[in-house]
Each structure stands twice: as C-alpha cells, then as structure tokens.
Amino acid sequence: MIDRCAFGPKPLLTVDEALARIRSAIDPIQETETVPLTAALGRILARPVYAAANVPGDNNAAMDGYAFASHEVASGHAVALRCAGVSWAGRPYQGLLAAGECVRIFTGAVVPKPADSVLMQEQVRVDGPWVHFPAQVKAKQNVRMAGEDVRQGGLVCTYPKTLTPIGLSLLAAAGIAEVPVLRPLKIAFFSTGDELVAIGEALATGQIYDSNRYLLAGLLADNAYTVIDGGVIADDKDELEAKLTDASRYSDAIITTGGASVGEADYIREILQRCGQVDFWKIAMKPGKPLAFGKIGASYFFGLPGNPGAVFATFQHLVVPALRQLAGLSAKQPLRVRATCSSALKKAPGRQEFQAGILSQDAAGEFFVGSAGQQGSHLLAALHKANCHIVLPSECQGVQLGEQVIVEPFSVFI
Ligand code: AMP
Ligand code: MG
C-alpha cells in the first residue's frame, strides 16, 4: 500500500518544514493595553511585573496555636508561659511579648516580636493564664516568613505568559490591580462552498450543513482572541477576493475552510495568489494535505481543507502554533507521550498521519492507545470519541498490536 496523495512532481513540505516556514514568516503583534485583573484571564502578559512589597507582608502563623520566642524553650525542659493576649488573622496582637510570655494565635495572624515560632494548640496544656509547653519544643516552627512567596522588588510574573487563575491569584496577592497585556488578536474566519447551508434550513440534495463553522468557532474560543465569524462565501472568485481582501483590513489572521484542494471549484490558492502571497499550499500530512498559508495585506492567511477531520488536524498542529506566536507567546511544544498500541493501525508511507485515538493510563501509570474507530478526514464520529491524535511518522507503514507510538492528547483529562 502506498499513499498516492504523497507523491507528485514536487515533494510535499513535511509538517515540520511547514511549521518552520510559518514560524519564520510570523511577526508577533506588539501593541499592548492595560486591563484590570478581573478582565485579564487568558490574556497574555506583555511586560514583567514586580512586587511593590513582600508577599506575605509579615511573618505569620501557619497553624492555630501559641506563638513564642525560641529562647523561652531553649533549655529543652517543659516550661509554662503566660498568655498575654490573642493575635487574630487581620487583627494582630498589639505590642511586643515580654519575657516569659506567649500569645494565642490563629493561622495567618501576624507573629508578634520577638516570637519566632508557633506550637500547635494540640501540643500544649492550658491552665488559666498559663500555657504549658512540653520538653524538646523545636525552635522556629510553623511560621511563614515575610517575602517567602515573593520578595519586595522581585518578579511576580514573567512574560509573555498567558494569565491563568493561578497567575491572577499571585498578582492579586501582590496587590496588583491591573496588568499590561498584548492586545487581543483579531481573527476572521469563513466557511467556503456552494453546498453549505446554515443549520435550521432544510437541505436540498447534495447540500450539507456548515459544521466547520462550529468547529472553528469553538477552537478559536480564547480570551486572547477577538473572533469575527465572516459566515459562508460561495465558490465564486470575485466574492472570495472581495471578502478576503476586506477581512485583511480588519484582522491579523484570516482562516477559511474548503476550496483549498485542486478541484474545479477550489479557488483558495488562486485567490491568495491574486490578492496576496502564497507561502505554501500543500503539506505531507493526513488528514490535511491541502493547506494554503500566506498573507493578504498585513493579515496572515490560513486556507484549511474542507473536511472537518482535516480542519481539526491542521488547526491543532499548524494554526495553533502560528496564532500563539502571532499573539505574542513564545514557542512551546504540545504535550506528547509514548503509549503502547492496543489495536493494529493501518498506514501507508509518505505522509505524517494524525489518527483519532483513545488514550488511557493504567494503575501503574503506563499509557495505552487504541483507534477511536473508522478514520477519515470527512468523519467526525470517531474524532468525537477520541481524546488524542496518534502521531505516525511519514515513513511508518502501519502499527502492530503492542508497538509503541507517540500520542498527543487533546486535553489533560483522558
Ligand atoms: P473542499 O476542500 O471544498 O473540496 O471540501 C472538501 C470536503 O469538505 C467536501 O466534502 C465539502 O463538502 C466539505 N466541507 C467543506 N466546507 C465544509 C463545512 N463548512 N462544513 C462541513 N463540511 C465542509
Ligand atoms: Mg468546496
């Protein structure tokens, strides 16, 4: 079995070559804006953020118990200290501890000077004002030190970095109310094809619903992007040229699906050539061979294939790295793991393949993967069951049961 699609007068670009071409073509956006933390989730931090003060601001208790100075217990014998008051979280004990004193303290409360330790309440015996400490109490325990998380003047968040709930929480802990972020990337997307009908309308023979629109809208849902749904464009050269040229005026990137192949009604490459520049338009990958990449005006153009499985594969493996770079993020590899194949996989040499797989992990932590069902760039059902792509190199001629393969999960939940 050979992959007839892989051979032609010119060798196709490999996926890695296509990625390298994309990487060298894309200039990240530079414009920044300042947003409040409440609007910063998923945005990309544009500059480093430094701490104006220590986090935490004071030495504070890690436990509910009694704060004391370690020299009070230095003898190693049991001692009784007089409880001088209480230090609550948010309401510190006022003043200093005198010799022979301790204070009742709760988690997060300031440890009053010269105390430097907290003993858990379960380890003392309280008798009126007297708190009996056992022998051999360890010094400097159960205290969280000022500046332990972030030092005053130290780096709170590096950049460029997507702001996650943890990042926002860290910025909030440092009292930072607003952050400089890269402006959102403006992305216009279109479905192309005379056969496409919007859901809700009746289908005539040969028509299909525009399902790619929902696939792309979902894949593009990201707070770092402003997405413009351009709707359907017919297989009409003038309409394609007019709409794509117009989109290049208001977007940083344009994504189309359909019309990227070599059929009589596939005009994408020709239109890209006419109103912009083609960088490449064919890749040795399956699904997803026809993928046109180039520029229209200042806008980057991705002409994806029409079949939904190919839309998903090309989006994940080529468009995502491109958009991340354009949005200002540094290059990162998606997570890939090695798994034992629990079903035989058919594959012809010639193109890198992304097959829909079901990844699982056993109790010992070993990964296993099997086919998610009938593979085909036009088929969505197996892809919907799948939780990963099985990544098969170009030269692979099929996989036997029990062989090791590389797998790229769609999410961390499998
Ligand atoms: P094309 O690249 O235009 O030849 O399209 C390849 C296949 O994908 C054809 O079977 C199309 O009908 C199908 N297709 C194209 N656009 C869409 C779309 N928006 N939603 C679902 N299928 C599509
Ligand atoms: Mg078409």
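How are helices H1 and H6 oriented to each other, roughly parallel or roughly antiparallel? In this predicted model, the axes of H1 and H6 pack at an angle of about 20°, and because angles under 35 degrees count as roughly parallel, H1 and H6 are roughly parallel to each other.

**Helix H1 with helix H6**

- Helix H1, which covers residues 15-25, and helix H6, which covers residues 308-327, have their axes 10 Å apart, and H1 passes H6 in a right-handed crossing.
- On the H1 side the contact is made by Val15, Ala18, Leu19, Ile22 and Arg23, and on the H6 side by His317, Leu318, Pro321, Ala322 and Gln325.
- By residue class, this contact of H1 with H6 divides into seven nonpolar, two polar and one charged.

**Helix H4 with helix H5**

- The axes of helix H4 (residues 237-250) and helix H5 (residues 268-275) come within 10 Å and cross at roughly 55°, and H4 and H5 are therefore oblique to each other.
- The crossing in which H4 passes H5 is right-handed.
- H4 contributes Lys237, Asp238, Leu240, Glu241, Leu244 and Thr245 to the contact, while H5 contributes Ile268, Glu270, Ile271, Arg274 and Cys275.
- The residues of the contact between H4 and H5 comprise five nonpolar, one polar and five charged.

**Surroundings of ligand 1**

- Ligand 1 is surrounded by 16 residues, of which the closest are Glu195, Asp210, Asn212, Gly259 and Gly306.
- An N or O atom in the side chain of aspartate 210 is 2.8 Å from a nitrogen atom of ligand 1.
- Backbone atoms also approach ligand 1: an N or O atom of the backbone of glycine 306 lies 3.3 Å from an oxygen atom of the ligand, and a backbone N or O atom of asparagine 307 lies 3.1 Å from an oxygen atom of ligand 1.

**Backbone features in loops**

- Valine 55 and proline 56 are joined by a cis peptide bond with omega of about -10°, and proline 56 has its place in the loop between strand S3 (49-50) and strand S4 (60-61).
- A cis peptide bond also runs from tyrosine 159 to proline 160, with omega near -15°, and proline 160 is found in the loop between strand S12 (155-157) and strand S13 (161-162).
- Lysine 140, although not a glycine, has a positive phi of about 55°, and lysine 140 is placed in the loop between strand S10 (130-133) and strand S11 (143-144).

Technical notes
Residues numbered from 1 in each chain as written. Chains lettered and ligands numbered in written order. Predicted model: local features only at pLDDT ≥ 70, side-chain atom pairs only at ≥ 80, totals over all residues. Heavy atoms only, no water. Axes fitted to C-alpha atoms, helices over the stretch in contact; angles between N-to-C directions. Helix = DSSP H or I, 4+ residues; strand = E, 2+ residues; numbered from the N terminus. Parallel < 35°, antiparallel > 145°, perpendicular 65-115°, else oblique. Left-handed = near helix turned anticlockwise from the far one by under 90°. Contact = heavy atoms within 4.5 Å. Nonpolar A, V, L, I, M, F, W, Y, C, P; charged D, E, K, R; others polar. Near = heavy atom within 4 Å. Polar contact = N/O pair within 3.5 Å; in protein donor to acceptor, adjacent residues only side chain to side chain.
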